[in-house]
Amino acid sequence: MKYFAAFSPMLDEEKSKLYRPDHLNYIQKLQEEGRIFAKGRFADGTGGLVIYKADNLAEVEKVVKQDPYVVKGARSYEIHEWEMTQN
């Protein structure tokens with residue numbers, strides 16, 4: 001299992017507010033399925049971050065493209081494989 005950091009920069013603040021409940025429901029479902037390691041929004045309001053657990057980038061990109069924020073044009077996305085380090 002690998003980790004992938006998916007940044008979701010703000011494109012349209014009004015759409016983001018409108019589709020926030022749909023986004024949160026979608027993320028909750030993925031979290032219940034064990035597909036999310038961590039999630040949250042940026043304190044400065046510029047977007048958010050979800051760290052997904054998956055076998056490959058294609059799997060995560062498919063999930064991110066189905067997020068209501070992305071589908072409705074409220075947010076864009078950028079995905080990077082993330083390697084957690086130990087101290």
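Predicted model: local features only at pLDDT ≥ 70, side-chain atom pairs only at ≥ 80, totals over all residues.
Residues are numbered from 1 along each chain as its sequence is written, and side-chain values use heavy atoms, without hydrogens and water. Local features need pLDDT of at least 70, side-chain atom pairs count only at pLDDT 80 or more, and totals for chains, interfaces and linings use all residues.

Helices (H or I, at least four residues) and strands (E, at least two) are DSSP runs, numbered from the N terminus. Strand β3 spans residues 47–54. Six of its eight residues are buried, that is, under 20% relative accessible area with a 1.4 Å probe and protein chains only. Two strands pair if DSSP finds at least two bridges between them. Strand β1 (residues 2–9) runs antiparallel to β3, with eight bridges. Tyr3 stands opposite Lys53 of β3. Strand β2 (residues 36–41) also runs antiparallel to β3, through five bridges. Here Ala38 has Ile51 as its bridge partner. Five residues separate β2 and β3 in a hairpin. In its turn, Gly45 has a positive phi of about 80 degrees.

A pocket is an open set of points where a 1.4 Å probe fits, with protein on both sides within 12 Å along at least five of seven lines; lining residues have an atom within 4 Å of a point. Grid points are joined across faces, edges and corners, and a volume is the space filled by probe spheres set on the points. The largest pocket holds about 270 Å³. Its lining has 21 residues, and His23, Ile27, Gly40, Leu49 and Val50 lie nearest the centre. β1, α1 (13–32), β2, β3 and α3 (68–71) each supply at least two lining residues.

The second largest pocket holds about 150 Å³. Gly45 is one of its lining residues, as are Arg41, Phe42 and Tyr69. Helix α1 gives the largest share of this lining, with four residues.

The largest nonpolar core has 13 residues. Such a core is a set of buried Ala, Val, Leu, Ile, Met, Phe, Trp, Tyr and Cys residues joined through side-chain atoms within 4.5 Å. Ile27, Leu30, Ile36, Tyr52, Val60, Val64 and Ile79 touch the most other members. β1, α1, β3 and α2 (57–65) each give two or more residues to this core. Leaving aside neighbours within four places in sequence, Ile27 is in contact (heavy atoms within 4.5 Å) with Ile36, Lys39, Val50, Tyr52 and Asp67.

Technical notes
Buried < 20%, exposed > 50% of the residue type's maximum accessible area, 1.4 Å probe, protein only. 1 Å grid on protein atoms, 1.4 Å probe; cavity = no way out; pocket = protein on both sides within 12 Å on 5 of 7 lines; lining within 4 Å.
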